[in-house]
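Could you walk me through this model in my viewer, one selection at a time? I would like to know what to click on next and what is there.

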Amino acid sequence: MKCVYCGTEFEPSRSNQKYCSRDCYCDATRLMQNAKRSQRLRQNPELRRQLNRKYKLARKERQKADQKRPIKESVCYMCGKKFIPHFKNEHFCSDDCRFDSPLYRDIANFDLWRAL
Ligand SMILES: [Zn+2]
Ligand SMILES: [Zn+2]
């Protein structure tokens with residue numbers, strides 16, 4: 001069985017298991033939620049404006065907090081390069097690698113959408 005997110009081979013402990021690890025599951029879920037949300041936002045410009053304002057404030061707060069925290073490097077699942085993650089459990093160094101991942105290749109696959 002191949003993890004639908006990072007492509008790693010693994011032994012599923014349940015027949016419907018799609019991810020090699022909880023990390024992959026969380027990451028994939030978040031990506032799917034983001035995709036669903038941006039779809040919704042595209043249809044609602046007013047909500048988008050409100051959220052943008054909120055995000056800007058939240059980002060400033062996070063940047064302040066980040067300066068105090070030591071930066072931990074991650075290793076990219078696709079190319080193996082070390083990189084500084086922008087959020088917890090980020091697995092890809094760049095959008096290029098992210099779009100090369102099995103999850104993105106299958107993003108049009110509705111079975112996967114339903115599974116989340
Ligand atoms: Zn995985
Ligand atoms: Zn990479």
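Here is a tour that starts with the whole chain and then moves through its parts.

Residues are numbered from 1 along each chain as its sequence is written, while chains are lettered from A and ligands numbered from 1 in the order in which they are written.

**Whole chain.** Show the protein chain as a cartoon and you will find 5 helices and 2 strands, in the order α-α-β-β-α-α-α from the N terminus. Helices (H or I, at least four residues) and strands (E, at least two) are DSSP runs, numbered from the N terminus. Now colour by pLDDT, the predictor's confidence in each residue, from 0 to 100. The chain averages 83, and 87% of the residues score at least 70. Confidence is highest in strand 2 (residues 82-83), at a mean of 92, and lowest in helix 5 (residues 110-115), at 53. Where pLDDT is low, the predicted coordinates should not be read in detail.

**Helix 1.** Select residues 22-42. This helix has 21 residues and reaches 30 Å between its first and last C-alpha, close to the 30 Å expected at 1.5 Å a residue (the expected span is 1.5 Å times one less than the number of residues). Cys24, Asp27 and Ala28 are buried here. A residue is buried if 20 or more other C-beta atoms, placed from the backbone, lie within 10 Å of its own, exposed if 12 or fewer, and partly exposed in between. Look down the axis: the buried residues of helix 1 fall within an arc of 100 degrees, so they line one face. The arc is that of the directions from the helix axis to the C-beta atoms. On the other side, Arg22, Gln33, Lys36, Arg37 and Arg40 are exposed.

**Tyrosine 19.** Step back to the segment before helix 1, where tyrosine 19 lies. Tyrosine 19 counts as buried because it has 22 C-beta neighbours inside 10 Å. Leaving aside residues up to four places away in sequence, tyrosine 19 touches Cys3, Val4, Tyr5, Cys24, Tyr25 and Ala28 (contact means C-beta atoms, placed from the backbone, within 7 Å).

**The core.** Next, select Cys3, Val4, Tyr5, Cys6, Tyr19, Cys20, Cys24, Ala28, Tyr77, Phe92 and Cys93, the 11 residues of the largest nonpolar core. Such a core is a set of buried Ala, Val, Leu, Ile, Met, Phe, Trp, Tyr and Cys residues joined through C-beta atoms within 7 Å. Domain 1 (1-69) and domain 2 (74-115) each give this core at least three residues; the domain bounds come from an automatic or database domain assignment.

**Helix 2.** Helix 2 is hardly covered, with a count of 0 buried residues.

**Isoleucine 71.** Finish in the loop between helix 2 and strand 1 (74-75), the place of isoleucine 71. Isoleucine 71 counts as exposed because it has 8 C-beta neighbours inside 10 Å.

How values were computed:
This is a predicted model: local features need pLDDT of at least 70, side-chain atom pairs count only at pLDDT 80 or more; totals for chains, interfaces and linings use all residues. Two residues are in contact if their C-beta atoms, placed from the backbone, lie within 7 Å.
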